[in-house]
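Student: Could we go through this structure together? I would like to know how its parts are packed.

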Amino acid sequence: MISDGSFRLDGKLALVTGASRGIGYSLSKELAARGAHVIAVARTVGGLEELDDEIKAAGGTATLVPLDLTDMPAIDRLGGSIHERWGKLDIMVANAGILGTISPIGHVEAKVFDRLMAINVTSVWRLIRTTDPLLKLSDAGRAILLSSGVAHTARAYWGPYAASKAAVEVMARTWAEESQQTRLRINSVNPGATRTAMRAQAMPGEDPETLPTPTEVAAKIALLCDPALDVTGKLYDVRADKLLSYNDPS
């Protein structure tokens with residue numbers, strides 16, 4: 001276990017992308033239930049409104065930000081808006097991502113590859129850039145970047161998606177190294193197979209009932225937001241419930 005789970009996040013501000021469904025939706029609810037005010041970012045307004053209703057019904061609070069992550073200047077402006085309104089940020093979860101197509105790498109269309117990299121990699125870098133100074137103003141800044149097991153297995157037909165997640169992990173590790181002397185802690189997460197729409201898209205023949213729900217996975221990811229957490233630059237494997245260290249190729 002990385003935390004006993006007893007912590008609260010009262011007075012904390014948490015930004016979650018991809019918050020309109022799946023893991024992002026459930027994690028937003030989990031953080032709000034712990035007392036954080038959630039800045040919920042997603043392209044789908046209807047999903048954000050449903051999230052807001054659920055958070056309010058449970059006694060929490062949220063700010064909704066409808067935003068297409070291909071709009072890079074809008075991501076930059078988001079950091080400025082957070083600074084103007086709140087003056088800092090305590091938690092940033094880069095959860096949003098797309099699958100692209102499952103096919104031989106040489107068959108992937110250029111427009112599909114470019115869009116996947118824009119959303120899965122470039123938007124995450126823009127998010128890091130705009131939130132880094134805000135997170136370092138927190139007394140316990142936490143950044144969580146969602147990855148995938150295919151970043152390491154280099155699974156056939158998953159090339160662009162796997163490459164994008166490998167890039168995200170390298171950015172997280174670099175950022176963590178650069179932030180060693182601050183209170184900011186940065187870790188990647190491999191959530192494992194989860195009962196989400198993206199998983200159904202990737203594995204249409206799989207029985208979703210055999211997979212953990214986004215709520216179950218989000219409850220574990222939330223432990224990385226513990227203000228007492230003192231590890232950084234690691235990969236949290238949700239299924240194994242372990243923080244893993246990186247090693248050179250052998």
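Predicted model: local features only at pLDDT ≥ 70, side-chain atom pairs only at ≥ 80, totals over all residues.

Student: At what angle do H1 and H8 cross?

Tutor: Helix H1 covers residues 22-33 and helix H8 covers residues 214-221; their axes cross at roughly 55° and come within 8 Å. H1 is therefore oblique to H8. Angles under 35 degrees count as roughly parallel, over 145 as roughly antiparallel, 65 to 115 as roughly perpendicular, and the rest as oblique. Axes are lines fitted to C-alpha atoms, for helices over the stretch in contact, with angles from 0 to 180 degrees between N-to-C directions. Helices (H or I, at least four residues) and strands (E, at least two) are DSSP runs, numbered from the N terminus.

Student: Which residues of H1 and H8 meet there?

Tutor: From H1 come Gly22, Ile23, Ser26, Leu27 and Glu30, and from H8 come Pro214, Thr215, Val217, Ala218, Ala219 and Ile221. Contact means heavy atoms within 4.5 Å. By class, the contact of H1 with H8 has 7 nonpolar, 3 polar and 1 charged residues. Here Ala, Val, Leu, Ile, Met, Phe, Trp, Tyr, Cys and Pro count as nonpolar, Asp, Glu, Lys and Arg as charged, and the others, Gly among them, as polar.

Student: How do H4 and H6 compare with that: what is their angle?

Tutor: The axes of H4 and H6 cross at roughly 15° and come within 9 Å. H4 is therefore roughly parallel to H6. Residues in this contact include Phe113, Val124 and Ile128 of H4, and Tyr161, Met171 and Trp175 of H6. The contact of H4 with H6 divides into 15 nonpolar, 3 polar and 1 charged residues.

Student: And what about H3 against H4?

Tutor: H3 and H4 pack at an angle of about 25°, their axes being 9 Å apart. H3 is therefore roughly parallel to H4. Among the residues that make the contact are Ile75, Asp76 and His83 of H3, with Thr122, Arg126 and Leu134 of H4. The classes in the contact of H3 with H4 are 7 nonpolar, 6 polar and 3 charged.

Student: Now the inside. Which residues of the largest nonpolar core touch the most other members?

Tutor: They are Leu15, Leu89, Met92, Leu145 and Trp175, in a core of 39 residues. A nonpolar core is a set of buried Ala, Val, Leu, Ile, Met, Phe, Trp, Tyr and Cys residues joined through side-chain atoms within 4.5 Å. Buried means under 20% relative accessible area, exposed over 50%, and partly exposed in between (1.4 Å probe, protein chains only).

Student: Which element gives the most to this core?

Tutor: H4 does, with 9 residues. Elements that give two or more residues include strand S1 (13-17), helix H3 (72-85), helix H4 (110-135) and helix H6 (159-178). Another core lies apart from it, with 34 residues, among them Ala19, Ile144, Val217 and Val238.

Student: What does Trp175 touch?

Tutor: Not counting residues up to four places away in sequence, Trp175 touches Met92, Ile128, Thr131, Asp132, Leu135, Ala143, Leu145, Leu184 and Ile186.

Student: Is Leu48 buried or exposed?

Tutor: Leu48 is buried, with a relative accessible area of 0%. Leu48 is placed in helix H2, residues 45-57. Leaving aside neighbours within four places in sequence, the contacts of Leu48 include Ala19, Ala40, Leu64 and Pro66.

Student: What about Ala32: buried or exposed?

Tutor: Ala32, in helix H1, counts as buried at 8% relative accessibility. Beyond four places in sequence, Ala32 touches Val38, Ile55 and Gly60.

Student: Last topic: what is the phi of Tyr157?

Tutor: Phi of Tyr157 is near 75°, a positive value in a residue other than glycine. Most residues other than glycine have a negative phi. Tyr157 lies in the loop between helix H5 (150-153) and H6. Asp241 also has a positive phi, of about 55°, although it is not a glycine. The loop that holds Asp241 runs between strand S7 (235-237) and strand S8 (242-244), and Asp241 counts as buried at 18% relative accessibility.

Key
Residues numbered from 1 in each chain as written. Heavy atoms only, no water.
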